[in-house]
Amino acid sequence: MLAQLGRYRVDRLLARGGMGEVHLGRIEGAHGFERPVVIKVIRNELVENERVAMMFVDEARIAAGLHHRNIVQIIDFDLFDGGAFLVTEYVEGCDLRTLLRNHRGALPYAVGVTIIAELATGLDAAHDATDGSGAPLHLVHRDVSPSNVLLGRAGDVKIADFGVAKAKSRSYHTVSGTIKGKAPYMAPEQILGESLDRRADVFSLGTLLFEVTTRTRLFSAQPGPMAMAHILSGDVPDPAERRPGYPPALAAIVRRALARDREQRYPTARALVDALDALAATQRWSQSRSVIGALVEQARTRAAGVPSGAWLPEQGTPTPRTPTSPTSRGRAPRT
Ligand SMILES: Nc1ncnc2c1ncn2[C@@H]1O[C@H](COP(=O)(O)OP(=O)(O)OP(=O)(O)O)[C@@H](O)[C@H]1O
Ligand SMILES: [Mg+2]
């Protein structure tokens, strides 16, 4: 176990992810200055692989320029003897996959809708990001999936890992047909290896909206040809089949976000946020961050005691709707 990486102290292993190990660490400065950080170390066996190393470099270079409360902040990128690491802000809480696995029953609609609207607000800012000269970067996240959604104990919602983001300005090109990301959350055009725009992320947001509001996966968890064939069919189940009493207006938003033809989708993540906000106002759903924070705490406690491998149920359990009051969300600052 590493104890020190560059100017960062490494405290403990948080998780093992797709690219390597994720550690909790800290920056130490003068006079006892300290700040917790997450240090993502590229897996040793991948260090030799130039394409993977370049992915890390790109993640750092592109994402470091994004500053938004709904985007995990990149702090640093550095090399060490034979390896590379990325330093990001630490979101103390849990990821959305952990929340869904450890929550009993369905989440209140207000909670699910708020999580997706916050996420979409961060993605919209990234989609609109420009380079130093004001030219659009055309960022597309391409891996909007539950493990990349981080929820803080204070109820903050952040998208992580622009590591597979494809900017037009990127310094290398993926082999055509390479599919990154996680199949059940990918847009049809991504599975087909077509050129992508922000609407691919809108589709992925649709799959997450379906999942958080029904607490069942839209598409099979089994990666592979079956899941892909299902996504490509454009066949989206009615959320009311998974959760009785599902509001038809919310089902309509889900359907539009998940349109097989991207021309039929919300054109931007912002348009999806606007639709969700308008629905929340008419349904009198409001969600304070403290409610999300409380659910995060609960999930963390349960995750500590629940054996790993616990799986999402195929069918959601209906729960009574929570009476709430309307809310509004400010527009995201552009980056
Ligand atoms: N900045 C962070 N703060 C807190 N926890 C984090 C942070 N970054 C990652 N994690 C945790 O570490 C886990 C693994 O992250 P990692 O991104 O390496 O893999 P992944 O998200 O499972 O897969 P992928 O490689 O597709 O992103 C996350 O799911 C999350 O629980
Ligand atoms: Mg991740």
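The legends below describe close-up views of a predicted model. Residues are numbered from 1 along each chain as its sequence is written, while chains are lettered from A and ligands numbered from 1 in the order in which they are written. In this predicted model, local features need pLDDT of at least 70 and side-chain atom pairs count only at pLDDT 80 or more, whereas totals for chains, interfaces and linings use all residues.

**View 1. The shell around ligand 1.** Ligand 1 is surrounded by 20 residues, the closest being Ala15, Gly17, Gly18, Val38 and Ser147; a residue is near a molecule if its C-beta atom, placed from the backbone, lies within 6 Å of it. Strand 2 (8-16), strand 4 (34-42) and strand 6 (83-89) are the elements that give two or more residues to this shell. Strands (E, at least two residues) and helices (H or I, at least four) are DSSP runs, numbered from the N terminus. The shell has 10 nonpolar, 5 polar and 5 charged residues, where Ala, Val, Leu, Ile, Met, Phe, Trp, Tyr, Cys and Pro count as nonpolar, Asp, Glu, Lys and Arg as charged, and the others, Gly among them, as polar. Ligand 1 lies between domain 1 (4-89) and domain 2 (94-302), because both give residues to its shell. The domain bounds come from an automatic or database domain assignment.

View 2. Strand 1 (residues 4-5) pairs with strand 2 in the antiparallel sense over 2 bridges; two strands pair if DSSP finds at least two bridges between them. Gln4 has Arg9 in strand 2 as its bridge partner. The hairpin of these two strands has 2 residues between them, and Gly6 in the turn has a positive phi of about 55°. Strand 2 also pairs with strand 3 (residues 20-28), in the antiparallel sense over 7 bridges, with 3 residues between the strands of this hairpin. Val10 stands opposite Gly25 in strand 3.

View 3. Strand 7 (residues 93-95) and strand 8 (residues 149-152) share 3 bridges, with Gly93 partnered by Gly152. The hairpin of strand 8 and strand 9 has 4 residues between the strands, and Gly155 takes a positive phi near 90°.

**View 4. The crossing of helix 6 and helix 9.** The axes of helix 6 (residues 198-214) and helix 9 (residues 248-257) come within 8 Å and cross at roughly 145°. Val202, Phe203, Leu205, Gly206, Leu209, Phe210 and Thr213 in helix 6 meet Leu250, Val254 and Ala257 in helix 9; residues are in contact if their C-beta atoms, placed from the backbone, lie within 7 Å. By class, this contact has 8 nonpolar, 2 polar and no charged residues.

Notes:
Axes fitted to C-alpha atoms, helices over the stretch in contact; angles between N-to-C directions. Contact = placed C-beta atoms within 7 Å.
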